[in-house]
2 protein chains.
Amino acid sequence: MRALIRTMLTAMIVGVALVAATAPARAEDGYDLWLRYRPLAARDAADLARRAGSIERRGDTPTLRAAADEVRRGISGLSNRPVAQSVQGGIVLAPASDPAVAALHLPIAPLGDDGYLVRSVTLEGRSVTLITGKTDRAVLYGSFALLRHLQTGGSLDRITLTSTPRVKLRVLDHWDNLDGVVERGYAGQSLWDWWTLPDFHDPRYTDYARANASIGINGTVLNNVNAKADSLTAPYIAKAAALADVFRPYGIKVYLSARFSAPIELGGLKTADPLDPHVAAWWKAKTDEIYRAIPDFGGFLVKANSEGQPGPRDYHRSHADGANMLAAALAPHHGIVMWRAFVYAETDPEDRAKQAYTEFKPLDGTFASNVIVQVKNGAIDFQPREPFHPLFGAMPKTPLMIEFQITKEYLGFATHLAYLGPLFAETLASETKQRPGETVAEIVDGAAEGHGLTGMAGVANIGRDRDWAGSTFNQANWYAFGRMAWDPTLGAAPVAREWAAMTFAPSPQVVDPVVAMMMGSREAVVDYMTPLGLAHVMATGHHYGPSPWVADLKRPEWNPVYYHRADTAGIGFDRTVTGSNGIAQYAPALAHLLADSATTPERALLWFHHVPWTYRMRSGRTLWAEMIDRYDAGVGYVAGMRRDWDTLRPSIDAERWAKTATFLTVQEREARWWRDASLAYWMSVNGLTLPTGTRPPAHDLAWYKAQRVANAPGNPQ
Amino acid sequence: MRALIRTMLTAMIVGVALVAATAPARAEDGYDLWLRYRPLAARDAADLARRAGSIERRGDTPTLRAAADEVRRGISGLSNRPVAQSVQGGIVLAPASDPAVAALHLPIAPLGDDGYLVRSVTLEGRSVTLITGKTDRAVLYGSFALLRHLQTGGSLDRITLTSTPRVKLRVLDHWDNLDGVVERGYAGQSLWDWWTLPDFHDPRYTDYARANASIGINGTVLNNVNAKADSLTAPYIAKAAALADVFRPYGIKVYLSARFSAPIELGGLKTADPLDPHVAAWWKAKTDEIYRAIPDFGGFLVKANSEGQPGPRDYHRSHADGANMLAAALAPHHGIVMWRAFVYAETDPEDRAKQAYTEFKPLDGTFASNVIVQVKNGAIDFQPREPFHPLFGAMPKTPLMIEFQITKEYLGFATHLAYLGPLFAETLASETKQRPGETVAEIVDGAAEGHGLTGMAGVANIGRDRDWAGSTFNQANWYAFGRMAWDPTLGAAPVAREWAAMTFAPSPQVVDPVVAMMMGSREAVVDYMTPLGLAHVMATGHHYGPSPWVADLKRPEWNPVYYHRADTAGIGFDRTVTGSNGIAQYAPALAHLLADSATTPERALLWFHHVPWTYRMRSGRTLWAEMIDRYDAGVGYVAGMRRDWDTLRPSIDAERWAKTATFLTVQEREARWWRDASLAYWMSVNGLTLPTGTRPPAHDLAWYKAQRVANAPGNPQ
């Protein structure tokens, strides 16, 4: 018997070796993202094949075809057998308007346009798994939901999956320049090969659309908010139209960032004043031209009067004047304007965090109905941690969409592992205290105010690198953004579990440790870069590595010392009445808490208060000791992730394992660099020593100051 | 019987479908280049498995391991069966020093260090296929030769394959900037991810080394000849060393482009004067530092005093002074200097084509023995066609290496199909007439002069795009360069056949039409861009598209009108005694022929002569009629390629077929653009009409002049 088993095992191993040797010698390189569809265990695969061996599609639209293709691809992979389309399938894709589906009287109405229902039903006498919804798009979303269910260990047995998105615009913002450089991109060149568009449709564009549809993303802004007028010329409109054609079946609309001064640069006008009728006419004609090429064009994203971009304030007009002029051109076509509140202008250097509120709050209620104001999650700029932006809850008459940064401009680029689910969730769950229990999520999803427009935008981390996002774990941030844009209440850990199961393997032996690594990873970055509410102490320009000592840049708010204000007495930015009074931009109930360091969350302490180095923390330690503890915790967490990842080696394919292992080595080294450089600098300011047993910085401060990072990516000049 | 066959066929088809559906859903995307190793026909595969079912490696060095891995990978794929390593294999890899191999008394000595012998032998009583040579590197080259033989339809039956490279340095020049932009690169970002180096070794670096070793390339210059001093700093030396570690087992040495002014920029010296002892000492120390990190570092490539680059002439020293100073630093380590003769300086605008000869000819015999002068194939700059560079044959006391451009800066970038094998072959086969029968190839391979150093350099067309080179057919240019650097006499058509068989399929039904397309493709580009010896009529800066009318740029030789000199009387650059007398730089016997338009090859007519529009060509047509005929032939050839490619659709995998089909559509449209714009312009100059039946340009000249190409790749500012 033993011999027999040994023989069988040998045969199995040889069989595996044969497959390995003769299959195309392609490693797992991350290209497949979370849509890997690798075979289930033999028994589960057989069971799946029995129930879902054929796919039935009721209707013949591009979207239904895309959905059916995906289900076929997914079930074929998972069941490890070819799955055909058939007139009588075990899985049926059908819009709710299909007569046989309608006859079932399913609860379709509450699903809205995009919500899906996947359910075991008896259809025309056959037991089938039905994927349905009001629209073809809903069927597509349901198809991906079913595949997610199967990839994460679910079965087809008495299935009921249903979900309706809580947010209408689920949009990726690509900061991609027309020359292929991605601003703040760390995954290679722009995915859009403008040079070969509109002729060549890279198959990768379709895979991009599949990945986005699988997580519910329904819009993509193709070009950088620091926009060139070129993107509005006829050749580039044709290129955008080609992409829109590829994306359309997947329910994804194309948007463009619009340069406000385009009427001057392209139209030869003398002004871009939004109240000038020639300017309005130019935009109307340009918008009409775009809609002739892209009938379902989404609209414009605008960064105006910020960081040198042109805007209505150049003509002493308000942001609302600018937005509404564009909105008027788009309205006949049902397009929208996403107008960014990130105004980081020459004015008001007293407290950069106050600028957006100061400019936008007075405009509440003055925007056209097809304008939505896009507000960053925090009031500075995508730091490892920021308190939620005070505009949330402060403009009840204006739809606000939240803007997160998926790419990790300030969180170590692609080589540092930082799962952003907790950052998204923390912001969305923040209570505004403007109205009882009101959260940022309720502002964003419209529950608080009932606006027609709701939205969430994420600055994409996607490039042309083979694994799309520069690292396997960066893919999780794309994934989490999409899932949380669909439903801001999902929670970071469940989303991480889904992602890990699909990206690696559904077994708890893999998912548990991977999710454990992920869940603390962003806090670790906060700890080794900007503990306890610090912000913007990164190096100038590229934002990589520590430079808290920088104090010589022209504008005050370009300097890290502006943000941390460390001196012999203490550290932190006083935003109470004794300082900038930035806290007054929050609801009174919240401002009241933030006025006192004792009732301010310690994670935001130095954001709101300048406190002595000897300040007593809740732990009983002094602030200085607590800071050291945080830096050490951050470094320690990364070392732990590296060790945990080592133990996962047998469970992860070689290529993806090795890349992450290398990146964790880099991250651990650089976490130490951050800790050591920061401590060396703080000690030079506060004159304090390190507690006994604390490891001193590896070098002196001069050494850290002398470090230069050459050719950092994502920082076009 | 018929029913049985039908059943069997059905079973086979179902089997195929099953494999297709369950195999990873990866299309042929070009990543595998010519190393695809797809299964042979069943019978041939079985035969191969029988004879070569195991691989024996005698010796355990990184290079032998790489060779054995490749043979195993190749035979596994071709035979469609797992192939193991074994102590007694059907294929034996062993250096000639192996006692059992030595006992065979094979003709090893004539092979030199890199030459290989693959032969059916009886080794220790067994019939085996032996791959051997004097060095492990030779065994590696032999391994690839065997795989090429099998991929192109050869069998193991009584095999004898042997070849020795005729050229010692077979080098790719990467014009890759440290920020990832590739100058004149049309295949995406730089393959080198400097940001994650030296930590992360992208598996792609190994595949790059495999591809290069497979065609005999043994050197790679990592950075742009327009070099930044940064590349010589410690961090970048470490990054280069990491790449060198990956490449070393594949016999590929790393070289760096050196910025001549680095002693000032990095060393803080006041001068980079090559005769200043501090400068020489700085380079010596820097070179020693590099060799500590890269013990087999190849040496430096230098572009000096050309297009604004610093060089010895800034200090009134000669190119030899500069080269020899660097050579002295490299000599103790056996490194070399490749010094470019492409001097395109402010001086001597009379005839740009004469500059290199004027500066370098007098230096013949003054260069150190570890310097080789790198001369472009022609005297201008990588045009679709140029006569061979007059320096070839003119510096008998100096080793010259030829520099070709594999990337198609002036030949339509990645979207135009132009197989460069004929360009390489045409130049190499050119007779210098300096000595009886002497060809450029004999200068390059050292046969003419017997220099110790010989070399061929190709400006790489490689980037991070999935298919490496921007198109499938561009891969052929990389392939042909390597094969012809190994043996300049190979011939363009045989090399094209090899490539087509390996890249698509070995059947004549595929190879014949593909090779037929390829062989005329470069001539077609010459015809629609620069017929009959025209040159440099491309648009300014990016060099894409026609601009023969440009006349307003600051320096005379920046303007297309400088090159074509068209006027009412005629067209062409007079390089005879009545003009620049550039022909005097060639051997007297050749100059004599070129002095007369009647004895000048018509393909070079307008390169050497200004002739009347009414000049009578050998065809009996006027020059003007002949030019029109050439433009039409070029356009017609592209249209023919598009049609031929259509007929190949059933034989080529979908993804690669579609991309090439799209690109051919682009090329046909743009060939017409070239023809029409050129004709419109010439007519504005010569006042002539088009012969009856000739299609007039689609637009007027003003329209063509108004065309702008935005964001052309490969043109960093």
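Reader: Which handedness does the crossing of H7(B) and H9(B) have?

Author: In this predicted model, helices H7(B) and H9(B) cross in a right-handed sense. H7 covers residues 234-247 of chain B and H9 covers residues 277-293 of chain B.

Reader: Why are H7(B) and H9(B) called oblique to each other?

Author: Their axes come within 9 Å and cross at roughly 40°. Angles under 35 degrees count as roughly parallel, 65 to 115 as roughly perpendicular and over 145 as roughly antiparallel, and the rest are oblique. The angle of roughly 40° belongs to the rest, and the two helices are therefore oblique.

Reader: Which residues make this contact, and of what classes are they?

Author: H7(B) contributes B:Ala234, B:Ile237 and B:Ala241, while H9(B) contributes B:Lys286, B:Glu289, B:Ile290 and B:Ala293. By class, 5 residues are nonpolar, none is polar and 2 are charged.

Reader: Why are H3(A) and H5(A) described as roughly parallel?

Author: Helix H3 (residues 62-79) and helix H5 (residues 136-151) of chain A pack at an angle of about 10°, and their axes are 8 Å apart. The limit for roughly parallel is under 35 degrees, so H3(A) and H5(A) receive that description. Among the residues that meet are A:Glu70, A:Val71 and A:Gly74 of H3(A) and A:Ser143, A:Phe144 and A:Leu147 of H5(A). The contact has 11 nonpolar, 4 polar and 3 charged residues.

Reader: What makes B:Glu70 count as buried?

Author: B:Glu70 is placed in helix H3 of chain B. Its relative accessibility is 2%, and the cut-off for buried is under 20%; B:Glu70 therefore counts as buried. Beyond four places away in sequence, B:Glu70 touches B:Leu35, B:Tyr37, B:Phe144, B:Leu147 and B:Arg210.

Reader: How do you know that H3(B) is mostly covered, and how does its reach compare with the expected value?

Author: Of the 18 residues of H3(B), 13 are buried. From first C-alpha to last, the helix reaches 25 Å, close to the 26 Å expected at 1.5 Å a residue. Just after H3(B), B:Asn80 takes a positive phi of about 60°.

Reader: Why does B:Asn218 count as buried?

Author: B:Asn218 lies in the loop between helix H6 (203-214) and strand E8 (219-221) of chain B. Its relative accessibility is 12%, against a limit of under 20%, and B:Asn218 therefore counts as buried. Its contacts beyond four places away in sequence include B:Asp114, B:Tyr141, B:Lys168 and B:Ile252.

Terms used: Residues are numbered from 1 along each chain as its sequence is written. Chains are lettered from A and ligands numbered from 1 in the order in which they are written. This is a predicted model: local features need pLDDT of at least 70, side-chain atom pairs count only at pLDDT 80 or more; totals for chains, interfaces and linings use all residues. Side-chain values use heavy atoms; hydrogens and water are left out. Axes are lines fitted to C-alpha atoms, for helices over the stretch in contact, and angles run from 0 to 180 degrees between N-to-C directions. Helices (H or I, at least four residues) and strands (E, at least two) are DSSP runs, numbered from the N terminus. A crossing is left-handed if the near helix is turned anticlockwise from the far one by less than a right angle, and right-handed if clockwise. Contact means heavy atoms within 4.5 Å. Ala, Val, Leu, Ile, Met, Phe, Trp, Tyr, Cys and Pro count as nonpolar, Asp, Glu, Lys and Arg as charged, and the others, Gly among them, as polar. The expected span of a helix is 1.5 Å times one less than its number of residues. Buried means under 20% relative accessible area, exposed over 50%, partly exposed in between (1.4 Å probe, protein chains only).
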